[in-house]
Amino acid sequence: MIHDFCIMIKQLKTNMKLMKKFLTITFFAAVSVCGYSQTHETDSLRDVCERHEGKLNALDERVLVNEADLGKLNKIKVSGYVQAQWETYGKDLEKTNGYSNTYLIRRARVKFTYEAFDGVKFVLQPDFSTGNLALKDAYAVVNIPKLKNVTLWVGQFNRPDYEVEYSSSQREVLERSRVVKAIYPGEREIGAKLEYTGVKLPLKVQLMAMNGNFTGTQAKDIDSKKDLMGRVVYSVRLPGAGLGIDFGANGYYGGNLAKTNPYTLNSEGITDSAKVWRYLDKKWMGGEIQIFADILGGMAIKGEYMSGINSTPSTISSTASAAAILADPNKCKNFAGYYVYFIKNVGSKNQFVAKYDYYDPNTKLSGDAALKDICYKTWTLAWQYYLNDNIRISLNYEMPKNEISTSYPSQLDDNTLGARIQAKF
């Protein structure tokens, strides 16, 4: 629409120039015919001609200003998607939720990308889903002068992890893995990132410094320490075999500040006492691989493994009773998790997906000893139908299996069946 308007403005400008020339010639022709006998009329016609020429010049200037403004609008790219979803739940989830099924707007996002000039880009993406108006992305990307293929990202954006960065509009199942949701809540962070993307060498390197405590609500950090994260990905392409393989590693180094509670519950289930105003470890390592094969219409296998120590600060006030403080200590525990996708295209419009993900929030203890830190193993089966480039219909069945303990003496009936229609623009 903006492009058509620009064409219309340019055509108007051309027509005005032609009209200007026509009027000028007409007036001066009239002046030349009558000039020999009507000197005072010649002066009057010349004044009229000059006035009209001035108006046409002013219109010319306005058209040029409009063209400049439209040139800026042409640098703005607007995209987005809406996900309308229906879900039905197993009996145990029904008891927890209070309902057995629901309709919802899972995501409704509009992304504005403005490329001011070559090497500088600004991105703004709000989410308008029901009851969840939030700012998802707000960042600038700048190419570093004299450093080839290196960009600086500043603002709020995805943490550098494969499943985190993989857009929700493209992901083959409805939701991310349990381990990813546990250690990267909200997916986004506020910070700065350097990213190198090789041209001759198929290597991608990401280094990020971030607040480390972002939950999607606070605008500033809640402690002085910044968390660090790095990711390296190397790509191998084998066109003859129809294969593409990406493999990489990532690491996270940071901490959570324990401000009010001096007690910390560790992975062995032991509560120790230490001073307040100290940092709890938040450190882990991970490896990833994605295999894409041009076999029988196309297929892919994708996976990631990560393990380390994650922590959760207590929210109990230092003025609370001793019993309350002991009942909700800080937590610092060893964890491990992974996921594996199998994706197979079926014809040009359908896709079958099987996914298995595993998450153990406490690898040191199991069963009754782990209390509520139980392990989950989840199978997800999905079918995608691509009506066209803009419309996708998804059917998703998630089957989590919980670890048995006194707190969870049997398998919970918490399967979820979901259907989604996604419209992109």
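Glu 165, Lys 193, Glu 195, Arg 231 and Glu 288 are linked in a network of salt bridges, a salt bridge being a side-chain nitrogen of Lys or Arg within 4 Å of a carboxyl oxygen of Asp or Glu. This is a predicted model, where local features need pLDDT of at least 70, side-chain atom pairs count only at pLDDT 80 or more, and totals for chains, interfaces and linings use all residues. Residues are numbered from 1 along each chain as its sequence is written, and side-chain values use heavy atoms, leaving out hydrogens and water.

Now for the wider picture. The protein chain has six helices and 18 strands; these are DSSP runs numbered from the N terminus, with helices being H or I of at least four residues and strands E of at least two. Of its 425 residues, 39% count as buried (under 20% relative accessible area, with exposed over 50% and partly exposed in between, using a 1.4 Å probe and protein chains only).

Back to the charged pairs: a search of the whole structure turns up 20 salt bridges. Here are some of them.

| Pair | N to O distance |
|---|---|
| Asp 127 and Arg 109 | 3.5 Å |
| Arg 188 and Asp 137 | 3.0 Å |
| Glu 165 and Arg 231 | 3.0 Å |

Asp 127 sits in strand β3 and Arg 109 in strand β2, so this pair ties together parts 18 residues apart in sequence. Both of these residues, Asp 127 and Arg 109, are buried.

Arg 188 and Asp 137 are both buried too.

In the remaining pair, Glu 165 counts as partly exposed at 25% relative accessibility, while Arg 231, at 5%, counts as buried.
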